[in-house]
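User: Please take me through some strand pairings and loop residues in the structure shown here.

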Amino acid sequence: MTLQNIADQNDYVCFRIGEQDYCIDIEVVREIRGWTPATVLPHAPDHVTGVINLRGSVVAVVDLAARLAIGKTCPTPRHVVIIVALENQIVGLLADVVSDIMGIDEAAMQPVPDIAAEGAGAFITKVIALDDGRMLRKLDLAAVLPGKDQEAA
């Protein structure tokens with residue numbers, strides 16, 4: 001990945017889920033916390049680990065591995081919760097580790113190949129090839145965190 005012009009870059013929070021690398025725009029990230037046990041909610045979707053108390057507010061925690069059909073996470077104290085705000089919704093994203101904050105040139109982002117656009121690929125908007133050979137996937141938080149009208153359907 002060649003970083004040409006800083007004006008063409010946006011900052012992203014990069015994190016790992018299993019052996020896969022993902023990123024989200026830093027502007028939606030409110031904080032990164034260590035894992036604390038969540039309170040399970042009956043009848044919640046499988047990808048919702050539960051809820052946590054965030055300074056007096058109840059926040060749902062989404063297991064990204066489960067949501068992306070990679071497998072359910074058994075959280076340990078080494079896991080992290082990335083608190084994000086999307087529109088009026090504040091949610092925690094369970095990930096293995098936050099690996100980096102990276103400025104990425106928009107020109108380095110490539111579309112997801114059509115053949116990979118099914119399943120978990122529906123949650124990925126772009127793919128970035130890193131210099132070390134790894135592929136970074138940019139998550140579409142609007143797809144990962146459906147609105148209340150979509151959840152009722």
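Analyst: The questions below concern a predicted model, taken strand by strand and then by loop.

User: How many residues of strand S6 are buried?

Analyst: Strand S6 covers residues 80–86 and is mostly covered. Of its seven residues, the number buried is six.

User: Which residue in S6 is the bridge partner of Ile 32?

Analyst: Strand S3 (residues 29–34) and S6 run antiparallel and are joined by five bridges. Within S6, the bridge partner of Ile 32 is Ile 82.

User: How many bridges join S6 to strand S7?

Analyst: Strand S7 spans residues 89–95 and runs antiparallel to S6. Leu 86 stands opposite Gln 89 in S7. The number of bridges joining S6 to S7 is seven.

User: Is Glu 87 buried or exposed?

Analyst: Glu 87 lies in the loop between S6 and S7, a hairpin with two residues between the strands. Its phi is positive, about 55 degrees, although Glu 87 is not a glycine. The relative accessibility of Glu 87 is 78%, and the cut-off for exposed is over 50%. Glu 87 therefore counts as exposed.

User: Is Ala 69 buried or exposed?

Analyst: Ala 69 is found in the loop between helix H1 (64–67) and S6. Ala 69 has a positive phi near 60 degrees and is a residue other than glycine. Because its relative accessibility is 67%, Ala 69 counts as exposed.

User: Why does His 47 count as buried?

Analyst: His 47 sits in the loop between S3 and strand S4 (48–54). Not counting residues up to four places away in sequence, His 47 touches Val 61, Val 62, Asp 63, Ala 66 and Arg 67. Buried means under 20% relative accessible area. His 47 counts as buried because its relative accessibility is 16%.

User: Which residue in S10 is the bridge partner of Met 109?

Analyst: Strands of a sheet pair through backbone hydrogen bonds, either parallel or antiparallel. S9 and strand S10 (residues 124–129) pair in the antiparallel sense over three bridges. In S10, Met 109 has as its bridge partner Ile 128.

Key: Residues are numbered from 1 along each chain as its sequence is written. This is a predicted model: local features need pLDDT of at least 70, side-chain atom pairs count only at pLDDT 80 or more; totals for chains, interfaces and linings use all residues. Side-chain values use heavy atoms; hydrogens and water are left out. Buried means under 20% relative accessible area, exposed over 50%, partly exposed in between (1.4 Å probe, protein chains only). Helices (H or I, at least four residues) and strands (E, at least two) are DSSP runs, numbered from the N terminus. Two strands pair if DSSP finds at least two bridges between them. Contact means heavy atoms within 4.5 Å.
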